[in-house]
Amino acid sequence: MDGTGILKGLAVTFKRMLDTYIDDFKRGKKRYYTEEGIRYRQSAEVKGIFTVQYPDEKLPVPEEFRFVPFLVYDEGPNGERKDRCTACGICSKVCPAQCIWIKRATNPKTGRPIPHSEEFYIDIDMCMNCGLCAEYCPFDSIKMDHDYELATYDRHRDNILNKERLLKPASYYAQIRPLNYAREEEAKRQAEEAKRKAAEARAKRMAARKKAAPPKKEDKS
Amino acid sequence: MSTDDLNSPEYKDKIPEELQGTVAITTLDRIYNWGRRNSLWPMMFGLACCAIEMICTAAARFDFARFGMEVMRSSPRQADVMIVAGTVTKKMLPQVVRLYNQMADPKYVVAMGACASGGGPFKEGYNVVSGIDKYLPVDVYIPGCPPTPQALIYGLMKLQQKVDKQSIKEVYSNAGKEIPIPVLGPDIMDPRDYEKIREYTLKKAEAEAQAATAAESAQSA
Amino acid sequence: MSEQVVATEQDLLLSRFPEVVKPDERKGYDGYIVDAKALLDFAKTLRDDLGYDYLSSVTGVDYLPEGKMEVVYHAYKTTGGAPLVFKVQVPRENPVVPSLVSIYPGADFQEREAWDLLGIKFEGHPNLKRILMWEGFHGHPLRKDWHEPYYEEEHKPYKSRWPEGKAFRAEDRNPFGKNVDYPAGFDPAKWTPDISDALIYEGLGRIDKPRDDLPTEQIIVNLGPQHPSTHGVFRMVVTLDGETIVDLEPVMGYLHRNHEKIGERNTWLMNMPFTDRLDYLSPMSNNFGYALAVEKLLGVKPPERAEYIRVIMAELTRIQNHIFAIGMFLNDMGAFFTPSLYAIEERELILDVFEAVAGSRMMVNYFRFGGVARDIPEDVMKKIHDLAFERLPRRIDELDRYLTNSEIVRARGEGVGVLPAEKAIAFSAAGPVLRASGVPYDVRRAEPYGIYDRFDFDVAVRYHGDVYDRYLIRMDEVRQSIRIIQQALKQIPEGPIMTGKPQYQHRVPPGESYGRVEGPKGELGFYVVSNGKGNPWRYHVRAPSFINLTALAEMTRGHKVADIVVILGSIDIVLGEVDR
């Protein structure tokens, strides 16, 4: 009683305030508005002030961070866009909020479906940013974006994203998720390598069989 | 006249030379908005998950006191921004509308997160209001589930920009208008919709009666 | 030995209740089917003779094809061990079951919920009203033949999404442009407005005072649903005599987002991110419980490394939940925001870990059936190390120094909101609320799941059962969690993090399963029923925050009105879980 509690409490906050100044003094100008400073404020040894002054400095998001999804397209040598989506529909089937709509393209001549999406919509007013679509996409075509600055004045106009707004280049993807990108590219390269090797082996086998088989057989068939 | 015109030499030069260092000119709108923009007081009003992110935005790391918003008021009478942070349910809706009505003019509504904007992942639920904008005029929509604190601050900055562009006349043109409070019936009922509801239920009853007689006659036949 | 015990138990039950109790012999099911007439006697035998003193979960299942309603009960012994499951089957047209409130008061809210959502009548229930929806709502929404206004199809994925998908908003297809539907022939002009409030006010207790006492008026006060100290949209209706609380009734449902109805439309995997949004302060625990329930049905087991990662994540969740709870609890006590600020600072650092590992600060969606979604990267592992071995122990000590002996905390906490042990058990209180009352019951010990049997930790227990002890329990538990994390970090092996190939469509064998974990709020259980298809037939959450509230009225009676928020804060509820 007799008010020592209040004094104690004030001492605690005062110490916190002092911590800030001591730290400022120790680290100098590097403490604010620098990458190093922000990293320090994210680390386990941070003391004193903790605030990240958005928008002047932004808390970096980790690689796995997910906000709304986007579609990846590869850039051709002449700048043409080749989107990776094959309209297989797995993302729309796995989406818990059912906020993905895909229209599969058809071949105008035969009417048969072709592996390409004609239209692709995501309603970000329903999206729960769970990342299941990106996790189960077998073509690395849909990924979760890092851009969280999406506030708008009119959701009816802005918040159903169509293909135009969803498509982003693979280089952007590589930039926001470098490790994932490298891993996927490596896996792709290996798959291709294996394919090539398998094809080579098959060709070799065929050649060997041809050699071994008597030429008469060919005449028969 | 737009406020930016004031910076043009045409107006600046009209200030007597000896006063140019000490006098600044502005419009009433501009100085009024400057004051309002920097003292937006949000209501302490959390509905669901997003409310936790809102608390984190108010806490040390993101600290929206830097925008003059630190005074979160528990009473709607003292607040001018309602951050609808989370899923609005039908059971809660009458209270939300009442709180809005009680806020002092000029008032703003920020729909934080997918649920408040458009129902979010819970949209299909029987007790969920799919978008608070069906009942209240929303100024800024922030997508995300939940939006990170930085996304929320971005949205609030968008709101500040909006406040900046308003004129006093515009601000008070809607003052004092109350929104009729929805009633909990067999489902939530907007008093403005009563006529429509009656028509709809009558039609439904007729259709059901017809179906019943059709089934009866089919049975007897 | 345990088999023997089960055998004798079964013999006893079957011999004492011939004809009316039968073992449940459906494939994949377990427990007993009890005739409705014998239910009360059966429950009494369980509680008094067999030691099943803790009724954990009560829920209903609508077996539409068989035309039956089933009420499922899970009972435990507070000394530990596996559950005893018993069921009552009643016809769907007129489902009437005797209420167990007289034997297990903890069944109170859960029976009301089953009435509200499934329309099962509990005969003899003292207060059978709707609990999550309002009085007058049309129909009982969890029945399988009840359709919501935005009904599209029985199960997800919806056919309108692919391959001929064209984006639309569900409201555009509704005649009102809103999520509403009205029964045929309904006339709004003739509608008498909501009677829920009147019912609540009527039901509240009053006291009769002797004539010569000071004449005071007893008034009814509403706290909430918009109130800064109700931790969300929660409402309490209180009768006050002066400043003293005479009676209190919690009113909930203001955040009822139809978790279970949506969960039954979803596929098994789709429910995983939804569980994050139950108790949004401890998402990893929710993931854990649901994964356990489904893994039991699937018969898969996660690999070693994944088990360790699960434990680390679940304990980090507990820490961040508890320090947040302590911060908010101090808020309620009147130390506005400064302790919260300090607590949130530590929480932010833990959230950084979640964000880097799982991708989101709060909605982690991290567990998969048979493992976890991603491995922990090297640099994050280092950060967890720093937190667990250095920062968190230091900071917890610091918080302890500031708060535990603070005048405010002691003066407002000691002797307030006392819940004695026997009452805590009777009301099915769980987690810190139960343990602060002197019952050392922790699912991690009582029925270890995952690899919790490998760690050396103490079950925190305190004996006064008051608000102050509930605060202390949380401090103790944070320390124990740090201990577990430290051990896990030392033991964690290298290796895969997933059993089998990741898949998004699961064929779950028919049957029922109850997975439970010790969440930060208490025993979190998931009761799922599969009929062999891609979606759960029944998906029920035994929410600790919800059931802990059953004891709220008991705890508050006789205290001053200012103590309500403190007592509520000490239970630590999250409305996402209370209302689901």
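Predicted model: local features only at pLDDT ≥ 70, side-chain atom pairs only at ≥ 80, totals over all residues.

Trainee: How many residues of chain B and of chain C take part in their contact, and what area is buried between them?
Mentor: Contact means heavy atoms within 4.5 Å, and buried area is the accessible area (1.4 Å probe) that two parts lose on being put together, summed over both. The contact takes 57 residues from chain B and 69 residues from chain C. On the chain B side, B:Glu124, B:Tyr126 and B:Pro186 supply 16% of the area that this chain buries against chain C, more than any other three residues. Carbon and sulfur atoms give 63% of the area buried between the two chains, which is about 5800 Å².

Trainee: Which residue of chain C forms a salt bridge with B:Glu124?
Mentor: A salt bridge is a side-chain nitrogen of Lys or Arg within 4 Å of a carboxyl oxygen of Asp or Glu. By that rule, 10 salt bridges are counted between chain B and chain C. In the one with B:Glu124, the closest N and O atoms are 2.8 Å apart, and the partner is C:Lys156.

Trainee: Which element gives the most to the side of chain B that touches chain C?
Mentor: Helices (H or I, at least four residues) and strands (E, at least two) are DSSP runs, numbered from the N terminus. Helix H3 (49-58), helix H4 (93-102), strand S4 (183-184), strand S5 (188-189) and helix H8 (194-220) of chain B each supply at least two residues of that side. With 9 residues, the element that gives the most is H8(B).

Trainee: Where does B:Asn127 lie, and is it buried or exposed?
Mentor: B:Asn127 lies in the loop between helix H5 (113-118) and strand S3 (140-142) of chain B. Not counting residues up to four places away in sequence, B:Asn127 touches residues of both chains, including B:Val88, B:Lys91, C:Trp134 and C:His256. Buried means under 20% relative accessible area, exposed over 50%, partly exposed in between (1.4 Å probe, protein chains only). At a relative accessible area of 0%, B:Asn127 is buried.

Trainee: Now for chain A and chain B: which residue of chain B forms a salt bridge with A:Arg155?
Mentor: This contact takes 30 residues from chain A and 36 residues from chain B, and the two chains bury about 2700 Å² between them, 59% of it on carbon and sulfur atoms. In chain A, A:Tyr54, A:Tyr153 and A:Arg155 lose the most area to chain B, together 27% of what that side buries. Across this interface the rule finds 1 salt bridge. A:Arg155 has its closest N and O atoms 2.8 Å apart from the partner, B:Asp133.

Trainee: Why is strand S5 of chain C largely enclosed, and which residue is the bridge partner of C:Met69?
Mentor: S5(C) (residues 84-91) is largely enclosed by the rest of the structure because 6 of its 8 residues are buried. Strand S2 (residues 32-34) of chain C runs parallel to S5(C), with 3 bridges, whereas strand S4 (residues 68-76) of chain C runs antiparallel to S5(C), with 8 bridges. In S5(C), C:Ile33 has C:Lys87 as its bridge partner, and the partner of C:Met69 is C:Val90.

Trainee: How many residues of helix H18 of chain C are buried?
Mentor: H18(C) covers residues 563-571 and is mostly covered. Among the buried residues are C:Asp563, C:Val566 and C:Ile571, and just after H18(C), C:Asp572 takes a positive phi of about 60°. The count of buried residues in H18(C) is 9 of 9.

Note on methods:
Residues numbered from 1 in each chain as written. Chains lettered and ligands numbered in written order. Heavy atoms only, no water. Pairing = 2+ DSSP bridges.
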